[in-house]
Amino acid sequence: MIVLDAMVLIHLSKIGLLEAAVELHGGGLIPAKVYAEAVERGKREGHADAQYIEELVRTRKIRVKKAGAKTTEIVERIGVRGGEGECVALAKQTGFALATDDDTVRAKKERLQVTL
């Protein structure tokens, strides 16, 4: 499995590679904040990719999982917040690789102890 942040999720969806990417990694995992950003807000704004992401969640190719509060708090102290912070926390909790476009996460990957 692989943890995906919102922008990676959205961009892979827009270019038609999201389903293949999650299948390649045995599934995708996203935190609730990423679901809210990519699907709920995307649907309100009329983005077609939001419907597609929602379908992958409905069929359980992508799963939504809550990141642990304690791990999220540790990540936030390092300077990564919001959806990206929850993605990092989820990657740390599960040991799965993280797909992110966030410059802060990439710059602090050793300190965060995540695989990108």
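View 1. Helix 6 (82–94) lies across strand 1, strand 2 and strand 4, running at about 170° to strand 1. Contact means heavy atoms within 4.5 Å; axes are lines fitted to C-alpha atoms, for helices over the stretch in contact, and angles run from 0 to 180 degrees between N-to-C directions. Helices (H or I, at least four residues) and strands (E, at least two) are DSSP runs numbered from the N terminus. The model is predicted, with local features requiring pLDDT of at least 70 and side-chain atom pairs pLDDT 80 or more, whereas totals for chains, interfaces and linings use all residues. Residues are numbered from 1 along each chain as its sequence is written, and side-chain values use heavy atoms, with hydrogens and water left out.

View 2. Four strands form an open sheet in the order 3-2-1-4, with parallel pairing. Strand 3 and strand 4 (97–99) are the edge strands, each pairing on one side only. From one strand to the next, the twist averages 35°. Strands count as paired if DSSP finds at least two bridges between them; strand 1 and strand 4 are joined in the parallel sense over three bridges. Val-3 has Leu-98 of strand 4 as its bridge partner.

**View 3. Helix 3 and its buried side.** The buried residues of helix 3 are Val-34, Tyr-35, Ala-38, Val-39 and Gly-42. They cover an arc of only 105° around the axis, and therefore lie on the same side of helix 3; the arc is that of the directions from the helix axis to the C-beta atoms. Buried means under 20% relative accessible area, exposed over 50% and partly exposed in between (1.4 Å probe, protein chains only). The elements covering these residues include strand 1 (2–4), helix 1 (6–14), helix 4 (48–58) and helix 6. Just after helix 3, Gly-46 adopts a positive phi of about 80°.

**View 4. The nonpolar core around Val-88.** The largest nonpolar core has 35 residues, and Val-88 is among those with the most contacts inside it, as are Leu-4, Ile-30 and Leu-112. Such a core is a set of buried Ala, Val, Leu, Ile, Met, Phe, Trp, Tyr and Cys residues joined through side-chain atoms within 4.5 Å. Not counting residues up to four places away in sequence, Val-88 touches Val-75, Val-80, Leu-98, Val-105, Leu-112 and Val-114.

**View 5. Glu-76 in helix 5.** Glu-76 lies in helix 5 (residues 69–78) and counts as partly exposed because its relative accessibility is 28%. Glu-76 and Val-88 are 12 residues apart in sequence and 9.6 Å apart in space, C-alpha to C-alpha.
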